[in-house]
Amino acid sequence: MNTICIGLVKSGQWERRAKGDLDAFYKETGKRVPIGRMGEAEEFGDLVAFLVSERAAFITGTAINFDGGMAAVV
């Protein structure tokens with residue numbers, strides 16, 4: 001079993017929290033992420049699709065940080 005440790009990813013949850021301009025909200029929130037932006041839902045989906053595929057059959061028992069480098073900064 002693997003675990004994905006998810007960071008800041010654009011989603012409906014964030015859209016409900018944003019007041020006003022959603023793009024400005026994402027841009028400002030993305031400043032907290034070392035790569036300078038929030039993740040995209042499609043990027044998360046790509047990681048999940050890979051992990052459930054045969055190409056990832058040898059990856060097991062690991063935690064994958066999907067956080068744009070936030071865990072590395074601590």
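How many helices and strands does the secondary structure of the protein come to? The protein has four helices and two strands, where helices (H or I, at least four residues) and strands (E, at least two) are DSSP runs numbered from the N terminus. The model is predicted: local features need pLDDT of at least 70, side-chain atom pairs count only at pLDDT 80 or more, and totals for chains, interfaces and linings use all residues. Residues are numbered from 1 along each chain as its sequence is written, and side-chain values use heavy atoms, with hydrogens and water left out.

**Overall arrangement**
- Read from the N terminus, the elements follow the order β-α-α-α-β-α.
- A box of roughly 45 × 25 × 15 Å, taken along the principal axes, holds the C-alpha atoms of the protein.
- Of the contacts (heavy atoms within 4.5 Å) between residues at least 6 apart in sequence, 68% join residues at least 24 apart.

**Burial and surface**
- The protein has 74 residues, of which 20% are buried; buried means under 20% relative accessible area, with a 1.4 Å probe and protein chains only.

**Charges**
- The mean positions of the 9 positive charges (Lys and Arg) and the 10 negative charges (Asp and Glu) lie 7 Å apart.
- Each charge is placed at NZ of Lys, CZ of Arg, CG of Asp or CD of Glu, while His and the chain ends are not counted.

**Thr29**
- Thr29 belongs to helix H2, which covers residues 22-30.
- Thr29 has a relative accessible area of 8% and is therefore buried.
- Leaving aside residues up to four places away in sequence, Thr29 touches Leu8 and Met38.

Key. Buried means under 20% relative accessible area, exposed over 50%, partly exposed in between (1.4 Å probe, protein chains only).
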